[in-house]
Protein chains: 2
Amino acid sequence: MSPPRGPLSQLRRGHEELVLGLLRKHGPLSRGELGKLCRLSRTTLYDILAELVATGAVVPAGQQDDGPRGRGRPAETLALNPGAGQAIGIDFARRALHVAAVNLAHEIVGAASEPHDADLPWERRVDLAERLVGRLGGGDLRLGALSAIGAGVVGPVSDLDSSTGEAGDPLPHRAQVLLRERFGVPVLLDNNTRLAALGEAIWGAATGARDVLYLRLSHSVNGGLVIDGSLHRGAYGLSGEFGHIVVDPGGRPCSCGGAGCLETVASVRAVLDAYRERGGHADDVRGLAEAAGKSEPAALALLAEVGADIGAVLAALCNAVGPGVIVIGGELAETGAALLEPIRRTLDARIMPISRRRVSLRAATLGEAAGALGGIALVLHESPLLSRYPAGPDLAAGVPPLVAGPPRRHDDFVKENS
Amino acid sequence: MSPPRGPLSQLRRGHEELVLGLLRKHGPLSRGELGKLCRLSRTTLYDILAELVATGAVVPAGQQDDGPRGRGRPAETLALNPGAGQAIGIDFARRALHVAAVNLAHEIVGAASEPHDADLPWERRVDLAERLVGRLGGGDLRLGALSAIGAGVVGPVSDLDSSTGEAGDPLPHRAQVLLRERFGVPVLLDNNTRLAALGEAIWGAATGARDVLYLRLSHSVNGGLVIDGSLHRGAYGLSGEFGHIVVDPGGRPCSCGGAGCLETVASVRAVLDAYRERGGHADDVRGLAEAAGKSEPAALALLAEVGADIGAVLAALCNAVGPGVIVIGGELAETGAALLEPIRRTLDARIMPISRRRVSLRAATLGEAAGALGGIALVLHESPLLSRYPAGPDLAAGVPPLVAGPPRRHDDFVKENS
């Protein structure tokens, strides 16, 4: 949590945003021109400009040469620093919103989450995103210097910047348009679980691994693959749909239109429903985790069954794809060893014996921020994992290149999420 | 088939090999030095050198400058063309050997196959490879200009040039050592089915596709993946083991040490055994294919069941990896639509509905030569599919770079295999 900020500090921040907005709109301006446009006092303006130059948000941009001028040197202009830029990552999960941001130095300045109803309209989700972003960073975050937003959405995203929505699934595009209107910057869109996989592979449980399988067990069940050191999208942006691998052909109908998919047995809702059917009492995953922690037989038996289904799917995928690291994330992973150990047992039993000791099964470490952090990574586009990944057309056209290294984590952020 | 070759032609070829061998051993030599070393008549030597220069196997390599010389210009030297090189691909399948070769222009000069017992010792397999290679190319092939061999072997290959064999699986290394001794060139080793996938993705059913899943249904069941325009190896060279994905946890023991793997129901032996158990009569896949062609009920029912198992595995992999093209190869694919249609039905039923029309299911087109052709591609290392694939240490150190484009297919080769 950042300390409460007084009205003077807020006023100053408003002035900074004003100046940055003018530079974004008009391009390089002299101090005199900025003064006329922003109507701030000379002292206030020069003070703010000094601070913006000191933090690297604004840089000298040469001398003015348009038209005849009076005596003396031509005025020096200032411009937004093309080599710096802030980035925001947003994960529009099914029932919660997660945001994270990096400052001009590409340090992660904070992450925030808030649950919401599954049917919350996109306008309200974007409102919520704006509110959460506003709370981040304790003053480090200047939205005027924002370069782009990386947003993750549920479901397949065929193109990073699709100009039309998928038939029957126009929502991701809607989010993109709304965010662009609200923040005035390009918005890169991708599948939110793929972004979480990216986050875990860059900064989380699989840092440094070249072949990673990430499985997120949440309200939906999905995943992402890092293959040979690159985040994988699949031929039509359709990959990592591990939740829709059939584990029981005669099983329940699935949201995807199929039946008996892994998601029908391993999503948060499916597991909690099954627990209640067996006489257990848990309002949420935390309750189930507590029951399992007390060795409550129904909870342990259920998680063992679910873990076996998950392990079978993972074994098949390991034989096919050969990851070195498997990361299990999502809310359900909070049940800990009661779920991870059954997964491990079935994985070991079903994987090719020669591969058994070659794959490392790990719990995710970035928590619910993983997807938003992956969105930032998508915008920065500096990780080797993205060297072959397409950059969105918007981004290629309109965003200044980011020159700094990958985000460094603030210590408090690490503590929060470890 | 190449025309029979008379003794004079064979003699000439022997002389060429002799000259090429001397240039390989000594590096650049003048015509005079070559004459002393090879002991051929001046006329014969000059005739052979003219032919070798004309075909590009040998190139002028500057003037001699070592030590004082008599009057006149220093003698011009000749050397092996570092920009050209022949390559041989060998597929050591379980019960057959397949070879293919490209000439100096990187045209495929031919392919040949011969079945053998599964327990044929490696020495005899390498003998057989040498014999088959000797028959290729109708004179285009000069082993003296051979740059390297790409060899495919059954089972996982962890490193392209492992200096020690895997525990319990030293055979691939044995093949590598024997081939190197016999042909005197570096030998790149890889999984033979992965090489077949590479062949089909470069020159076969999936030419131009960036995401390809190749499944080979033969005496073993395996496959290979082209992911995002790159041939995929997996974290330990272990990938594409589709045959060891479990389709029936209570099923028969598998060669991998597991049970109920796809290979236990979809290998050639498994299918023929099952057909006989149901009262069918077929000595081989051809017999089964004929029965299916005559709509023999037991044959159709069996292939429908096998196809359903295959389709279920493919659907799971499609959801996870998102290929644009699936290629079905191997002997069992010769049963045609009787197998492919049930595969397609289950694939369509089990794949995520949104992906259904986005994946193209195709029969392989390169026939049994696919693996050997993939071996050649591995040596040439020029396909974009291999741009991120490791080159073996031997190859990097000892083999001149190959500058020509990918092999062009001779028309007769295309006819033979289409």
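How are H6(A) and H12(A) oriented to each other? In this predicted model, helix H6 of chain A spans residues 192-203 and helix H12 of chain A spans residues 370-380. The two pack at an angle of about 80°, and their axes are 7 Å apart. Angles of 65 to 115 degrees count as roughly perpendicular, and H6(A) and H12(A) are therefore roughly perpendicular to each other.

On the H6(A) side, the contact is made by A:Asn192, A:Leu195, A:Ala196, A:Leu198, A:Gly199, A:Glu200, A:Ile202 and A:Trp203. H12(A) contributes A:Ala370, A:Gly371, A:Leu373, A:Gly374, A:Gly375, A:Ala377 and A:Leu378. By class, the residues of this contact between H6(A) and H12(A) comprise nine nonpolar, five polar and one charged.

Chain A also holds an open sheet of three strands, ordered S1-S3-S2, with antiparallel pairing. Strands S1 (29-30) and S2 (58-63) of chain A are at the edges, and each has a single partner strand, so one side of each has no neighbour in the sheet. S2(A) pairs with strand S3 (residues 76-80) of chain A in the antiparallel sense, over four bridges. In S3(A), A:Glu76 is the residue that stands opposite A:Gln63.

The remaining topic is the interface between the chains. Here 42 residues of chain A are in contact with 42 residues of chain B. The size of an interface is often given as the accessible area lost when the parts come together. Between chain A and chain B, the buried area is about 3,400 Å², and carbon and sulfur atoms give 59% of that area.

Key
Residues numbered from 1 in each chain as written. Chains lettered and ligands numbered in written order. Predicted model: local features only at pLDDT ≥ 70, side-chain atom pairs only at ≥ 80, totals over all residues. Heavy atoms only, no water. Axes fitted to C-alpha atoms, helices over the stretch in contact; angles between N-to-C directions. Parallel < 35°, antiparallel > 145°, perpendicular 65-115°, else oblique. Contact = heavy atoms within 4.5 Å. Nonpolar A, V, L, I, M, F, W, Y, C, P; charged D, E, K, R; others polar. Pairing = 2+ DSSP bridges. Buried area = accessible area lost by both parts, 1.4 Å probe.
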